[in-house]
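Here is a note for a colleague who is opening this structure for the first time. Please read the points with the structure on screen.

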Amino acid sequence: MPVRRPRLSFALAAAVATAAAFGATALATTTASAAEVPLSGYELTWGIKQSYRTYVSTYAQGSFTATDGASQAANNGAFTFTAGAGTYDTTSHAVHLAFKGTITAKSTLHGFVREMSDFQYDSAAGTLTADLVADGGTKQQDVTLATVAAPTSQDLKDLATTLTAAAGTFLGSDTYANAAGDPLSAVKPVSTTSPTPSTPISPTPSQPTSPPATTTPPATTTPTTTPPGSASPSDTASEPAATKGEIADGNLGWGVKESFRSYVVGSVANGKITTSDGAAQATGNGVFTFTGATGSYDTDADTLSAAFEGAVNFKGHEDNGTYGLDLTLTDLKASLDKGTGKLTADVTSLGAKSDDVVLADLKAGSTDLTAKNDVITLDDVTATLTAAGAKAFGGFYQTGAELDPLDLTLALTADATLPSDGSSSTSGTGTGSSGSSTGSTGNSGTTGSTSGGVTGSTTGSVNGSLASTGSEIPAAALGTASAVAVAAGAGVVFAMRRRRTEA
């Protein structure tokens, strides 16, 4: 089929799911080699309009015939078109899908025949087109039958449609023009065979994992017999930390953005999330924990600067081993000065790395920095996306979008005990599609064995609609990103480019 490319972007609206995530679409660089990622295996479900199907099958004494890869649901239901193929453009965040299948409506009473084929969905333009033939006449190509609303979830499901004037003319009644059509869904079916989760590889006693160079050296073992005149272990542990000094250990809890996580493992991106090098992810496609804090603090001046170990990788939109979304965050650092500060990270997107990117502005609930039992605890630190962060994530979210809050627990002495929430974490990789889950975690959108460790190799958004947790919509497009669309609180936009491939 020839390529036809109208372009337009529209925002995914919020509600959940992902509109995503840190944006939500594939965070991509503008390199020609990564400009377009092929898509295949999608299905389009649309019923035109229920009242039209009822009219054909009853008042017109007719019927529908589905051929060439199309099918119709029982009881005169909606139609499904198969073998959806097209492209996702990582530069413009545009997607276009063309489907196989022909639907023919034929009336015995009125003698009309209406044939529709070559359906194409263009999320950037927000249109559904088809080739039309009326009563054996000349074929009209790429007629816009309906406009399609922006997605309201991480999946391109149940999108509202409005029939066009051209559709009304073709169907035989002007009353159909500008009338609501049946909802439209364009998804990649989930395999009914659940893959066997891989067993995480944990270091054996004979092969201990070497700590990173930044890890604070462990305290030396206290002799069984305490030398005369020296402090006992209990005396040493009870000594309070100084008001300023070096951080001995600590953790950072941060989910980046819930809607982005949902989008990555959803049925649009069909991706996975992997943690490594000291990071872990909570079950149920939860938040990430980065460990091994180092840095400095001053409780009198109410300042701290902490760096954390661990990496998290997001992959999605895979085609023959090539990913349209491949984003890694490492070397996270949080700094606060009287309750406000910055969150930075090294960002690698599709192989291009940017160091020390200021991802978010931070604001704690209090300007005071206090320690209890030699541990500083800061919960629900607000994180707001910066201009540099928005750029680093390909413009998936607008500057000022609210990210997931941060939780910081910092040990000021080697003897201090860090709190534990008791939750288990995934072994490293999260995958999923359409909300389904496989693997031993039993949580939606994740696979892999549950383990309290932090192992897991880094392997592994795209655009369209990033999952949203509730309300956000990124600004740019279902096209432009974010799951791109609807996220709780932030909108991401996801744009898709229309491209028709030979079928």
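1. In which strand does A360 lie? A360 belongs to strand β23, residues 352–363. Helices (H or I, at least four residues) and strands (E, at least two) are DSSP runs, numbered from the N terminus. Residues are numbered from 1 along each chain as its sequence is written, and this is a predicted model, in which local features need pLDDT of at least 70, side-chain atom pairs count only at pLDDT 80 or more, and totals for chains, interfaces and linings use all residues. Side-chain values use heavy atoms, with hydrogens and water left out.

2. Confidence comes next. pLDDT is the predictor's confidence in each residue, from 0 to 100. The chain has a mean pLDDT of 73, and 65% of its residues reach 70 or more. Residues 192–238 have pLDDT below 50, and beyond near neighbours in sequence this stretch has 29 contacts in the model. Contact means heavy atoms within 4.5 Å. Residues 422–428 also stay under 50 in pLDDT. For that stretch the model has 28 contacts beyond four places in sequence.

3. Back to A360: is this residue buried or exposed? A360 is buried, because its relative accessible area is 0%. Buried means under 20% relative accessible area, exposed over 50%, partly exposed in between (1.4 Å probe, protein chains only). Leaving aside neighbours within four places in sequence, the contacts of A360 include G341, L343, A383 and L403. G341 is 19 residues from A360 in sequence, and their C-alpha atoms are 8.6 Å apart.

4. Now the nonpolar cores. A nonpolar core is a set of buried Ala, Val, Leu, Ile, Met, Phe, Trp, Tyr and Cys residues joined through side-chain atoms within 4.5 Å. The largest has 49 residues, of which L252, W254, F308, F314 and L329 touch the most other members. Strand β21 (residues 322–337) gives the most to this core, with six residues. Apart from it lies another core of 42 residues, with F81, A105, F119 and L159 among them. Not counting residues up to four places away in sequence, L252 touches F288, F308, L343 and L406, among others.

5. Which residues of helix α4 are buried? They are S259, F260, R261, S262, Y263, V264 and V265. Seven of the eight residues of α4 (residues 258–265) are buried, so this helix is largely enclosed by the rest of the structure.

6. Look at the aromatic rings. A pair of aromatic rings is described by the distance of the centres and the angle of the planes. Rings of Phe, Tyr and Trp (its six-membered ring) pair if their centres lie within 6.5 Å; planes under 30 degrees apart count as stacked, over 60 as edge-to-face and the rest as tilted. The count by this rule is nine aromatic pairs. F288 and F314 are edge-to-face, because their ring centres are 5.9 Å apart and their planes stand at 80°. This pair links distant parts of the chain, with F288 in strand β18 (residues 288–298) and F314 in strand β20 (residues 311–319), 26 residues apart. Both residues, F288 and F314, are buried. Elsewhere, ring pairs join Y52, Y55, F64, F79, F112 and Y176 into a cluster.

7. Strand β9 (residues 113–122) deserves a look. Eight of its ten residues are buried, so β9 is largely enclosed by the rest of the structure. Two strands pair if DSSP finds at least two bridges between them. β9 runs antiparallel to strand β7 (residues 94–100), joined by three bridges. Here A98 has Q120 of β9 as its bridge partner. Strand β8 (residues 102–107) pairs with β9 in the antiparallel sense over five bridges. Strand β10 (residues 127–134) and β9 are also antiparallel, over seven bridges. The hairpin of β9 and β10 has four residues between the strands, and G126 there takes a positive phi near 70°.

8. Two backbone angles to check. D331, in strand β21, has a positive phi of about 50° although it is not a glycine. D331 counts as partly exposed because its relative accessibility is 27%. D374 lies in the loop between β23 and β24 (375–385). Phi of D374 is positive too, near 65°, and D374 is not a glycine. At 14% relative accessibility, D374 counts as buried.
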